Amino acid sequence: MSNINYTAVEREWGMEDTTLDRREMVKLLGGGIFVLFHVAQSSSAQPRQFGTYPDDFNAFLRIGDDGRVSLFSGKIEMGQGIYTALAQMLGDELDVALDSIDMVMGDTLVCPSDMATVGSLSIRTFGPALRGAGAEARAVLLQLAGERLGVSSDQLAVEDGVVFQRGARSNSVSYAELAQGRRIERRLEGTASPKDAGQRRLCGTATSRTDSVPKVTGTAQYTGDVQLPGMLYARILRPPTHDAALEHLETSAAEAVDGAQVVRDGDLVAVLHEYPDVADRALALFEARWSVPNATVNDETIFDHLVEAAPPPQPVASAGNLDDGERLATQTFDHTYREPYLAHAPMEPHTAVAQVEGDRATVWAATQAPFWLGGPVSQALGIPSANVRVITPFVGGGFGGKTNPQHAVEAARLAKQAGRPVQVAWSRKEEFFYDAFQPASIINVRSGVDEAGRVVLWDYETLFAGSRGAELFYAIPHHQVVARGSWGGRGGGSNQAHPFAVGAWRGPGAHTNVFAVESQIDIMAAAAGMDPMTFRLQNLQNDRMRRVLEAAAEKFGRRLEPAPSGSGYGVACADYAGTYVATMVEVSVDRAEGTVQVLRVVCAQDMGEIINPEGATLQMEGCITMGLGFALSEQVRFDGRRVLSENFDTYEIPKFSWLPTIETVLVENTELPPSGGGEPPIATMGAVIANAIHDAVGVRLYELPMTPERISEALGEG
Amino acid sequence: MKQPIQFQLNGRPTNLTVDPTRMLLWALRTDAALTGTKYGCGQALCGACTVLVNGEAVRSCMYPMRLVAGKEVVTIEGLARNGDLHPLQQAFVDHDALQCGYCTSGMVMSAYSLLAKNAAPSREEILAGMDGNLCRCGSHNRVVRAIQAAADMMEGARP
């Protein structure tokens, strides 16, 4: 990455007390031109503030005397592509080539504090501040160049990091020369304006990922690839169920394994070995007896339990008067929609490596939230939180599931006990067991249409799905939307509602809400005898949504007929935090087997300004493909607090054989700032497939996933 | 328990003294310090650990070292020649056929084996041949395109 003298920084860092100012730390990075800036954190995902870092800046960039630009950000790269897109944004402001930018990400020693990499927020909230900082740096460089070249800075232009006089190109100086022997520190004052859209070269240009060569050659480092001298691999004793109590443990057989070391730290018991697989075999020799809590709910009875446990309703939106809506409606529809617990199942399970030396610790971790780990790790070790450095290598997928500190804490505790570096790499079974699932959730809707096919009534209640995706973009005069509990914090309100930890899962809550909303809209369209596209357009009040629907329809190229038409076509749309998305699919349903093959997906998205059309497209394709899973197969099986989904044979995620053709359309909207692109299309996938199944065979599925059993059952009833 | 096991690893004669019941994945990652091959599931369900043994794609998480003796093992680290990417690697780069990249080594090795058996696979043959390799990010359609492009490149390179 960058040519930082980490050793010097670390040495200095360690000698200072725990309140060492981040600006002091920046000084240790040596010469160059620095711009420090602050990125406002979103209020929608509150950070857990463990650190004591100053918050007057939380990112910075540096132009070094080698002409290279380093961007220091607490964000991390987990496949979403900001490694590339943030560099594009900065490169444009500085007029430097993309390959002259080094990304330094997720290292809490050298990167200032950041909330976490969640919620499709990196480009949306970090991007604008980054542009401001780039503009500020460019202004400083132009000023220096003007002095050096003896011309006023308004006569200067920049190309690829070389400043030159307009009309006298040989009168030039490079950024590297300007940074030579200097140390200039600037705070972002906002006096220099970022470029207008028309002046940008890198942004808006489809750009291949800049992290792919290491990823295709096996040299990209993930946390599990960190191998330190003397490092031991840990395998940890795990309970058979959540909240099980250990009654008896015999470890002598494991201790007899050559090279195995059994370590206990309170409730944490592990085998350490120089080989992870040998540690695993030794762990299997433990004889443990557990007392297991009584099973009260399972994956069948959970929904009844959740109805009982749901906290009181909180208003999301309302207008008009539901009684008036009832009077205007000529047809009304009452339906309940359900979605089960979903696992994140990133291909890289949670992994952490810890090295503890005296009152200092370094932790490498697969995490979306490096700045949320220092506090828990320091508490576990009894050291100041500022003495914990967290380094985030490439992360092998997150999807909202890598924000908990458990793996890092475990590695740190074991490293302290062992007096050697320790790697904790969860098995796939552990990954399923400790995942903070997307919560099971329930939506109740009562809606009505009038004779003209206008939606006049909408009475909508979500249980544990929150409000995301439940906000209305249809013009419904009489409506009420309430939310009982959300997708985080064990459901909110009632602490014991869920038998496990729950949390954000790519497009949290929205895929449940959009499944319900867009299924219900389709039901009304069919009852009104209208095709689902015309019905939507007629009831819309939103031009951006209209545009993406029309763009999708044009690409799809087939006219929708009133359902069920037998064609197997479906449409669904969503406003996901300001990104508008419309998805159309074609499916075929095997009536005998109840199986669904999604043949074709067309998706149009308006996300405001698009930084990297290639990256945005990759994220759309990823959302579509991943979304086939929660729509068709994914469901965490459990009995009481025992998680029965343990691997990919008991939790089926999308495979190549499911793959539809995918066509995406990015709807130009450069006048709006960039909004998020990591999640929106996934929100539509449940509804669009449900709608297409209905169009194909005339049955309606109200519960996800839409398995062959459920489809067969529905066909049998029909 | 430990015994010397000789085999070819990425074209080089290799001798590892290991317990022959240990799985190839862990010997590669620890004894041989080749960490490009990944653990994903431990039960041959996801394909992240795929390597070639005598040209066949195997799941190294369930392939014991005793079976490796005398054979030729190729991992993701063994595909590039003198710094030049293998056509499959180049095609994965060209088509952005990866996101987080954790499944990528296994994808490339499975695709290598697929093309070795079928130099010009149809889309359906690629989908069937790659079905045991999981990707959570959803890069599947790019992987299919990359394999098709690599097949074309390799076909063109043949005399």
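In helix α8 of chain A, which covers residues 276-283, the buried residues are Pro276(A), Asp277(A), Val278(A), Ala279(A), Ala282(A) and Leu283(A), and by buried I mean that 20 or more other C-beta atoms, placed from the backbone, lie within 10 Å of the residue's own, whereas a residue with 12 or fewer is exposed and one in between is partly exposed. That is six of the eight residues of the helix, so α8 of chain A is mostly covered. The covering comes from several places, including β9 (232-236), α7 (252-255), β12 (268-273) and β19 (422-425) of chain A, together with α1 of chain B. Helices (H or I, at least four residues) and strands (E, at least two) are DSSP runs, numbered from the N terminus.

Before I go on, a word of care: this is a predicted model, in which local features need pLDDT of at least 70, side-chain atom pairs count only at pLDDT 80 or more, and totals for chains, interfaces and linings use all residues. Residues are numbered from 1 along each chain as its sequence is written, while chains are lettered from A and ligands numbered from 1 in the order in which they are written.

The pLDDT is the predictor's confidence in each residue, from 0 to 100, and chain A averages 91, with 91% of the residues scoring at least 70. Two stretches of chain A fall below 50: residues 42-55, which have 31 contacts in the model beyond near neighbours in sequence, and residues 490-494, which have 19 contacts counted in that way. Two residues are in contact if their C-beta atoms, placed from the backbone, lie within 7 Å. Where pLDDT is low, the predicted coordinates should not be read in detail.

Now to chain A as a whole, which holds 19 helices and 28 strands. Its C-alpha trace spans about 80 × 80 × 45 Å along its principal axes. A compact globule of 718 residues would have a radius of gyration near 27 Å, and chain A agrees, having 27 Å; the radius is taken over C-alpha atoms, and the globule rule is 2.2 Å times the number of residues to the power 0.38. Buried residues make up 56% of the 718 residues of chain A, and among its contacts with a separation of 6 or more, 76% are between residues 24 or more positions apart.

Which residues have the most contacts inside the largest nonpolar core? They are Val363(A), Ala411(A), Ala412(A), Ile689(A) and Ile693(A), in a core of 274 residues, where a nonpolar core is a set of buried Ala, Val, Leu, Ile, Met, Phe, Trp, Tyr and Cys residues joined through C-beta atoms within 7 Å. The largest share of this core, eleven residues, comes from α18 of chain A. Leaving aside neighbours within four places in sequence, Ile689(A) is in contact with Gly570(A), Val585(A), Val587(A), Val596(A), Val598(A), Ala631(A) and Met706(A).

Another helix to look at is α15 of chain A, residues 532-539, whose buried residues are Pro532(A), Met533(A), Phe535(A), Arg536(A) and Asn539(A). Seen down the axis of α15(A), these buried residues fall within an arc of 165°, so they line one face of the helix, the arc being that of the directions from the helix axis to the C-beta atoms. They pack against β21 (455-463), α14 (510-527), α16 (543-556), β23 (569-576) and α18 (680-697) of chain A.

Some backbone details deserve a look as well. The peptide bond from Ala563(A) to Pro564(A) is cis, with omega near 0°, and Pro564(A) is found in the loop between α16 and β23 of chain A. A cis bond also joins Leu704(A) and Pro705(A), with omega about -5°. Although Phe464(A) is not a glycine, its phi is positive, about 70°; the residue sits in the loop between β21 and β22 (478-484) of chain A, and it counts as buried, with 31 C-beta neighbours inside 10 Å.

Finally, how many residues of chain B are in contact with chain A? There are 46, and they meet 47 residues of chain A. The elements of chain B that give two or more residues to its side are α1 (24-31), α2 (87-94), α3 (104-117), α4 (123-129) and α5 (140-157). That side of chain B divides into 25 nonpolar, 16 polar and five charged residues, where Ala, Val, Leu, Ile, Met, Phe, Trp, Tyr, Cys and Pro count as nonpolar, Asp, Glu, Lys and Arg as charged, and the others, Gly among them, as polar.
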